[in-house]
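User: Could you take a close look at one part of this model for me, the place where protein and DNA meet? I would like one connected account, with the cut-offs spelled out.

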Number of protein chains: 2
Amino acid sequence: MFLQQKRAFMKEYISVLKQTRMFAGIGEEEISAMLSCLGAKLCHYKKGEYVLRQGDRPGAIVILVRGSLHIQKDDYWGNRSILSQIAAGEMFGEAYAAPESGGLRNDVVAVEDSSAIFFDVHRVLTTCSSACRFHTAVVQNLFFSISEKNRKLVQKLGHMSRRSTREKLISYLSEEAKKQNSPYFSIPFNRQQLADFLSVDRSAMSRELCRMREEGLLAFEKNRFHLLNPQGQSGAGNERRFSG
Amino acid sequence: MFLQQKRAFMKEYISVLKQTRMFAGIGEEEISAMLSCLGAKLCHYKKGEYVLRQGDRPGAIVILVRGSLHIQKDDYWGNRSILSQIAAGEMFGEAYAAPESGGLRNDVVAVEDSSAIFFDVHRVLTTCSSACRFHTAVVQNLFFSISEKNRKLVQKLGHMSRRSTREKLISYLSEEAKKQNSPYFSIPFNRQQLADFLSVDRSAMSRELCRMREEGLLAFEKNRFHLLNPQGQSGAGNERRFSG
DNA sequence: ACATTACGGTTGTTTTTGCAACAGAAAAGA
DNA sequence: TCTTTTCTGTTGCAAAAACAACCGTAATGT
């Protein structure tokens, strides 16, 4: 009865699960049927409550289905910093799935009243016989999801490991041009967001961008950029690349 | 015959595979038996040859079994930078396993004559009926391996996203203290390596470390560090924390 | 239409960093 | 033991970045 109740409660959130990368391509019916197979447990948290603490070994992949969380960290002298915000539909904890990971190094705290579903790592990764046909799909999705995250992290690290603001900008903008397959592209940030993303000061970045424009390296307007060939085979760099 | 030959050639490298995280806990016999199930293909490269090019979608997880590779990237203006070196026994390509990953954003080049085994992503992630009992273990290993990578990336990013050298040091050293569960710990880097890891100049970092020592924040000798409580409840900071 | 806010650029000042070169101590090698 | 190399700290200087404050314009709201 208790179990039935829990499953019944979880039904409330299956529509959220359906939207996640982990359950991409799987219908609500199937998700519902898989929950027990994946060892799903629904937990509720009041605002301010700890979802996970430093040192915990949840052994679980967690999807937030209601509310929002902060992943935060305190340094040795007690200065707290918020590493990221988790919104409903997002996954966390998967980086600490490995038994050798040695426990969480962050705290996870509910910013508002929240609910999360914990999936047992072992049961997720050990595909059961044939009871749930979609288990394999979940494993694939999960793998793709985490590898996707990985890719983004490596890329960002590539930008951030550059010494100067200019080099960071070049690294980021080159990447973006490649991704959009054109020297003319738009970015998903405004100036402040881009500065935050690259961990530099906005005004210093703005100064550097303008310097690069003066040198004929690129042109931009708002969030649209144009990388130029500075050898300047055409004009001497005085032509207007954007005219409003 | 050709297939048999290929498998026979692969046998040469099974001892290498056995050492990898992907095949941890699996015997050479089993690995050998699984190769076809995982769609393994052995490829050889001459020094300087491209293993993968920007834009490729290998759809494979690759393990280097002989030689070494460079993962490198050229920016829009053609400046090349080497992102990492791959040694025998290491895995790559797994971050581009997802179909939506949009193709490799780097080049992979053989630094010396090399051999790599390609495992088909789809066949790895789709566990076959019961033909190979260890398939599930491989999937788990793979997942743990990538999640471990992920964890390290996030941590490093946490350090690197700090604005000043001091903050980077504080972030890194705090982390290390937590990991070793003591304010007194050693780090796996010498000064130059630490500077490279944090992407800062060695001499500037050295200067900052000494400044922090003067301020009573920490003590160190060689690669051993001691984080101190700067409120200074004991001495005024003049006591020798290390005495040779 | 007007006030308010968000955004991007500009500028001056201070601080930090990178760079380069050097020096002493420790480690490694002959 | 003596030499050579590696590692770390030090310093001066030039370049770069952070910081803070301000401005004009565009977007938004009333």
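Analyst: Happy to! A polar contact here is a pair of N or O atoms within 3.5 Å; within protein, one must be able to donate a hydrogen and the other to accept it, and residues adjacent in sequence count only if both atoms are side-chain atoms. Please keep in mind that this is a predicted model: local features need pLDDT of at least 70, side-chain atom pairs count only at pLDDT 80 or more, and totals for chains, interfaces and linings use all residues. Residues are numbered from 1 along each chain as its sequence is written, chains are lettered from A and ligands numbered from 1 in the order in which they are written, and side-chain values use heavy atoms, with hydrogens and water left out.

Let's begin with DNA strand C. A polar side-chain atom of A:Ser206 sits 3.4 Å from one of its phosphate oxygens. Two or more residues each are given to the surface near DNA strand C by helix 7 (191-198) and helix 8 (202-214) of chain A, and by helix 8 (202-214) of chain B. Helices (H or I, at least four residues) are DSSP runs, numbered from the N terminus. Helix 8 of chain A gives the largest share, five residues.

A residue is near a strand if one of its heavy atoms lies within 4 Å of it. There are 19 such residues around DNA strand C, and A:Arg207, A:Phe220, B:Thr165, B:Asp201 and B:Arg207 come nearest. By class, this surface has eight charged, seven polar and four nonpolar residues. For these classes, Ala, Val, Leu, Ile, Met, Phe, Trp, Tyr, Cys and Pro count as nonpolar, Asp, Glu, Lys and Arg as charged, and the others, Gly among them, as polar. Sugar or phosphate supplies 52% of the atoms of DNA strand C within 4 Å of the protein, and bases supply the rest.

Now for DNA strand D. It has 18 residues around it, with A:Ser164, A:Thr165, B:Arg191, B:Arg202 and B:Phe220 nearest. Of the atoms of DNA strand D that come within 4 Å of the protein, 60% belong to sugar and phosphate. Chain A reaches bases here: a side-chain N or O atom of A:Ser203 is 3.1 Å from a base nitrogen of DNA strand D, and one of A:Arg207 is 3.4 Å from a base nitrogen.

How are the two protein chains related? A rotation of 180° with 0.0 Å of shift along its axis superposes chain A on chain B, with an RMSD of 0.2 Å, which is the relation of a two-fold axis. The copies are superposed by least squares on the C-alpha atoms of residues with pLDDT of at least 70 in both.
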